[in-house]
Amino acid sequence: MGSRTESVEELLALYDAQLRGRRPAPQPVGSVIEEDGPVVRIHYGTHASIEHRALPVEGLDALIARQRDACDARGEPAEWKVYAHDSPADLSRRLRAAGFITGRKRAVLVAPVGQITAVEPLTAGAVVAEAFDHRHIQDVARFVAAAGPHQIAFTEFLADGRSLRWEDHVLVATQDGRIRAAAWAAHLAHTNFMAIGGIVDPQGVFADHLCGWDWQRSNSIGANGEPEVGYVVAEADGELQSALEAAGMRVITTVTAYHWFPEEPPVKTRPVRQLFDDREYDALWNRFYAEFEFRPSTATSPGITEPTASATWHLGVLDLTDAEHDGVEQLQRIIRAGLLACHRPGEVLYWLDWQHVGYRFDPSRVGGAGRPDWPGSAYPDGDYHIYATPDFRLGTFGHPWEYTVCVFGDQLLSEVEHKLTALLGTPIRRSGHPVGATE
């Protein structure tokens, strides 16, 4: 792989075999993936993308209409990419007849890893490196905000959870302490391809260095039995395409985006957003530490100063048997129903997992058929788990070492107390006091 110079035809065949009509893995955060024959449709809650393998001629118009109607039912704009070599040859006409609008045309460029060469050396004082922490990521977001469109918008790259995966990368070229160019790339799981989501290079001198990053040095190969990253793929036009071709990338085909739009404006935010290395997550934990006097320790119980309106149950009845799984699911159903009943219209909820990834989500848009899964669990399976409203007026606190769950907030407690007592037994504490003690 990559040991000889493949022909354009060989590169295109590999691209089609590995990338066309694939289910993305891991699944983008907050998305729903549906398949209809050769079509893979990804619903993000804000928009949809339509990919496919080889299409049949028989029934194709009906197949196209079903994809459009599925997006319409969700109120999501849709993008359908048509490649120059796609069959049948009149696919573009059929899409236009179904209401899709012709969008931007780009070249698809591929090169074996290690065969992209810098046209010019980096200028004095310039450095290309990875951006890791939230401060650098947000600097990149501000830098690329006015540029585009890209194969994968940087905001979508972040929303997919890509910036938290070690297989994926955000690169920056800096000089004199300022960002001069940036790129973001995703290793497409179960394939040999690293996909460049976007490159912003206003000076036109860093694109080859960004695209030719040493991917094999960057822990992107052979991970967990994954195929090695042997090829880099990008979509580009204009000056960026010229720069990448000059660096050794070859055009294997062209792709044109076709767009369909619902009558009503779409929702602007995904139903679920991942949180970890960012200011919002840090601020949430800082508030929780302060307001609940959080004391993380394997030997400290309770782990918080439990609010006045609270009750705490021991989880001991959920023993290590097959029945445990059903009991944990019952616990989650009770908590989920209570949170749904208590959250205010338009209010988000948070699920926090101590020292792990957390989520902000709209409880009215998750759970059930055709929706993304409800994030997290009230059951503390190894670390502290918290559900909470933004103002912390109600929620749950799961303690993994004491093996308890505390429900706080008058409204939520009234919704779930009887059901939790039926499942778990009498609470061991109320308002932070042992049951039977003076409260």
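Which element gives the largest share of the lining of the largest cavity? In this predicted model, the answer is E11, with three residues. The structure holds one cavity of 30 Å³ or more. The volume of the largest cavity is about 40 Å³. Its lining consists of Glu79, Lys81, Arg104, Arg106, Glu235, Val255, Thr256 and Ala257. Strands E4 (78-83), E5 (101-112) and E11 (250-260) are the elements that give two or more residues to this lining. By class, five of the lining residues are charged, two are nonpolar and one is polar.

Open space was examined next. The largest pocket has a volume of about 1,100 Å³. It is lined by 43 residues, of which Tyr44, Ser49, Glu79, Gln151 and Ile152 are the closest to its centre. Glu79 is also listed in the lining of the largest cavity. At least two lining residues of the largest pocket come from each of helix H1 (8-19), strand E3 (48-52), E4, E5, helix H5 (154-159), strand E10 (231-236) and E11. E4 provides the largest share, four residues. The lining of this pocket comprises 21 nonpolar, 13 charged and nine polar residues.

The second largest pocket has a volume of about 890 Å³. Its lining holds 43 residues. Nearest its centre lie Leu158, Ala159, Arg273, Gln274 and Asp278. Two or more lining residues come from each of helix H4 (134-144), H5, strand E7 (169-175), E12 and strand E15 (358-361). The largest share belongs to H5, which gives six residues. The lining of the second largest pocket splits into 17 nonpolar, 14 charged and 12 polar residues.

Arg273, one of the residues nearest the centre of the second largest pocket, was examined individually. This residue sits in strand E12 (residues 272-275). Beyond four places in sequence, Arg273 touches Val29, Asp278, Glu280, Gly358, Tyr359 and Arg360. Asp278 is also among the residues nearest the centre of the second largest pocket. With Glu280, Arg273 makes a polar contact between side chains, at 3.0 Å. Tyr350 is 77 residues away from Arg273 along the chain, yet their C-alpha atoms are separated by 9.7 Å.

Attention then turned to nonpolar packing. In soluble globular proteins, nonpolar side chains tend to be buried together. Here the largest nonpolar core contains 29 residues. Leu331, Leu420 and Leu424 touch the most other members. Strand E13 (310-314), helix H9 (322-342), strand E14 (349-353), strand E18 (404-408) and helix H10 (410-424) each contribute at least two residues to this core. What does Leu424 contact, beyond its neighbours within four places in sequence? The partners of Leu424 are Trp313, His314, Leu315, Val317, Leu318, Leu331 and Val405. Another core, of 28 residues, lies apart from the largest one. Its members include Leu109, Leu210, Cys211 and Met249.

Conventions:
Residues are numbered from 1 along each chain as its sequence is written. This is a predicted model: local features need pLDDT of at least 70, side-chain atom pairs count only at pLDDT 80 or more; totals for chains, interfaces and linings use all residues. Side-chain values use heavy atoms; hydrogens and water are left out. On a 1 Å grid over the protein atoms alone, a cavity is a set of points where a 1.4 Å probe fits but cannot get out, and a pocket is an open set with protein on both sides within 12 Å along at least five of seven lines; lining residues have an atom within 4 Å of a point. Grid points are joined across faces, edges and corners, and a volume is the space filled by probe spheres set on the points. Ala, Val, Leu, Ile, Met, Phe, Trp, Tyr, Cys and Pro count as nonpolar, Asp, Glu, Lys and Arg as charged, and the others, Gly among them, as polar. Contact means heavy atoms within 4.5 Å. A polar contact is a pair of N or O atoms within 3.5 Å; within protein, one must be able to donate a hydrogen and the other to accept it, and residues adjacent in sequence count only if both atoms are side-chain atoms. A nonpolar core is a set of buried Ala, Val, Leu, Ile, Met, Phe, Trp, Tyr and Cys residues joined through side-chain atoms within 4.5 Å. Buried means under 20% relative accessible area, exposed over 50%, partly exposed in between (1.4 Å probe, protein chains only).
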